[in-house]
Amino acid sequence: MNYTEKLRELEQVIDYLNENNFYNSLANRVYYFCFQSIILFLSGIYGSKEEYINDGDSTHKDTIDMYIKNKFTNPSDFRNKRDFNQEINRIKKLRMKADYDYIDSITEEEAEDLMESFIKIKSLM
């Protein structure tokens with residue numbers, strides 16, 4: 001399965017999780033959809049994932065920063081760059097809560113915000 005097929009599958013999973021109120025899993029899958037979309041974009045520039053990862057020591061933050069550096073290159077992209085940063089950070093924060101907060105879960109309201117961020121970030125990618 002190539003990355004494009006994987007992303008299509010992830011989108012279907014995201015829809016299923018949202019429709020069935022599996023909000024913690026939804027937060028995880030939305031974040032990883034965005035992250036894998038970033039990897040696909042960077043692979044198109046650098047040829048492969050290994051080309052832009054320094055000695056296998058790259059973090060998610062490094063990869064996202066590399067995406068922003070290569071995607072939003074024109075001064076006119078400032079607003080999109082800012083919006084992308086804001087949305088990816090919101091999605092990441094909810095993913096961290098879903099994956100690592102053993103007391104609180106993602107609420108329905110947070111899931112709605114997450115889906116709004118997901119739609120917005122897809123339009124910026």
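Confidence first. This is a predicted model, and the protein chain averages a pLDDT of 87, with 90% of the residues scoring at least 70. Among the elements of the chain, helix α3, residues 49–52, has the lowest mean pLDDT, at 59, while α6 has the highest, at 94.

Next, the core. The largest nonpolar core has 31 residues, and those with the most contacts inside it are Leu26, Val30, Ile64 and Phe84. Which elements give two or more residues to this core? They are α1 (3–19), α2 (23–46), α4 (60–71), α5 (78–100) and α6. Helix α2 gives the most, with 11 residues.

Take Phe84 from that list. Leaving out residues up to four places away in sequence, Phe84 touches Ile38, Ile64, Tyr67, Ile68, Phe72, Ile121, Leu124 and Met125.

Now the packing of two helices. The axes of α2 and α5 are 8 Å apart, and the angle between them is about 135 degrees. Angles over 145 count as roughly antiparallel and 65 to 115 as roughly perpendicular, so α2 is oblique to α5. The crossing of α2 past α5 is left-handed. Residues making the contact include Val30, Tyr31 and Ile38 on α2, and Phe84, Ile88 and Ile91 on α5.

Is Ser117 buried or exposed? Its relative accessibility is 1%, and buried means under 20%, so Ser117 counts as buried. Again leaving out residues up to four places away in sequence, Ser117 touches Glu87, Arg90 and Ile91.

Technical notes: Residues numbered from 1 in each chain as written. Predicted model: local features only at pLDDT ≥ 70, side-chain atom pairs only at ≥ 80, totals over all residues. Heavy atoms only, no water. Buried < 20%, exposed > 50% of the residue type's maximum accessible area, 1.4 Å probe, protein only. Contact = heavy atoms within 4.5 Å. pLDDT = per-residue confidence, 0-100. Helix = DSSP H or I, 4+ residues; strand = E, 2+ residues; numbered from the N terminus. Core = buried A, V, L, I, M, F, W, Y, C linked by side-chain atoms within 4.5 Å. Axes fitted to C-alpha atoms, helices over the stretch in contact; angles between N-to-C directions. Parallel < 35°, antiparallel > 145°, perpendicular 65-115°, else oblique. Left-handed = near helix turned anticlockwise from the far one by under 90°.
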